[in-house]
Amino acid sequence: MFKFSFGEKSYLGVDIGTASIKIVELENSAKGPTLKNYGILESRGHLERLNYAIQTSGLKILEEETVQLLQILLKELKPKGVEVAASLPAFSAFTTLLEMPLMSPEEISKTMPYQIKAFVPLPLEEVTIDWLPIGEVEDEKGIKKQQIFLVAVPNEQIRKYQTIFANVGLKLRALEIETISLARVLTGGDPTTSLIIDIGARSTAIAVAAAGNLKYNSQTDFSSNALTQAISKGLGITIPRAEELKKTRGLTGTGGEYEVSTLMMPYLDAILNEARRVKEVYEKDYQAKVDRIILSGGGANLLGLEKYVTAELGLTAIKASPFAKVGLPGEITSLTAELGPTLAVALGLGLKQIKK
Ligand SMILES: Nc1ncnc2c1ncn2[C@@H]1O[C@H](COP(=O)(O)OP(=O)(O)OP(=O)(O)O)[C@@H](O)[C@H]1O
Ligand SMILES: [Mg+2]
């Protein structure tokens, strides 16, 4: 474990994924936000039952298991602070881009209930709304309109998270969809418009962000576990063995190993097709270009992925490096290339509380 300076206030970022929970503890030191500690715990039976998930797209989250996993993590971590920001999976919120006549924030707030009815399939009193002004565009007639990015989260989801954190003695200060956390940590302070592809175990979040703000949000169920499954079926080997091959060979194999990447390709291409669609929709709706691709999530560690994505989408793809914004204890600098994409969401959540 790491050396700590005692007595400082710390902030926790908790990313509850489908297959694992990640916690980071950040401290606001003289040098800026710094990582004090982190923990990652995979759910029981994650590899044995690839279809099993802590989070599911049916808005369910397995509360009991989540509490148990958090308790194990917290026992190890012994964090100094109790304040937490947590993330919701990209699939658990309704998001949309609205175009409205130019008006004041107060006026926008007043119209929101009507806007929401149009696209959220839940009664108004069952969702919590957040919105963000994005910018202005001109329509075909030259009339200026403002673009508003709207996020609606079912209250049921929020209540579940409140219960979970109360059960482990933590104070839930903020809850946001994971792509908002990613936008903050991967594009904050940088105006380059980025297509973020977060390849998780069970789902892939796809977003467009610039200057720390989320501008488009989408997701697909094609994900890194699908790659493991394809290898397992194709080669007739166990899931743990296929998982190992995926991680050691990635897309870079030759000769006999080449088969591993061939087997993964259709599923990888399914992810990239959705990414391509998001890029096209974004560019049309926002009348702006995407400049680069950032690969995040554990699945971004697939060997050779940056090169493959760059070629397929015709746009430079880089691996997420959230540690550009969070200082590190010397002991773990060698691990950051792999850890960065995995911890990106949790780090973005930690930063949310420090950067207020
Ligand atoms: N070196 C690697 N090469 C290829 N895949 C990897 C590598 N390391 C981790 N993965 C894959 O990344 C996935 C886990 O990613 P991550 O931790 O982002 O998922 P998660 O957040 O739990 O899930 P989700 O985002 O779907 O809820 C697993 O499928 C794992 O096999
Ligand atoms: Mg994830």
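Analyst: Axes are lines fitted to C-alpha atoms, for helices over the stretch in contact, and angles run from 0 to 180 degrees between N-to-C directions. Helices (H or I, at least four residues) and strands (E, at least two) are DSSP runs, numbered from the N terminus. This is a predicted model, in which local features need pLDDT of at least 70 and side-chain atom pairs pLDDT 80 or more, while totals for chains, interfaces and linings use all residues. Residues are numbered from 1 along each chain, and side-chain values use heavy atoms, without hydrogens and water.

User: How do the axes of α1 and α3 lie relative to each other?

Analyst: Two packed helices are described by the angle between their axes and the distance between the axes. Here α1 (residues 63-77) and α3 (residues 155-167) have axes that come within 9 Å and cross at roughly 35°. Contact means heavy atoms within 4.5 Å; among the residues making it are Leu-70 of α1 and Ile-164 of α3.

User: Is Glu-243 buried or exposed?

Analyst: Buried means under 20% relative accessible area, exposed over 50%, partly exposed in between (1.4 Å probe, protein chains only). Glu-243 is buried because its relative accessible area is 9%, whereas Lys-247, with 55%, is exposed. Arg-184 and Glu-176 are both buried.

How values were computed. Chains are lettered from A and ligands numbered from 1 in the order in which they are written.
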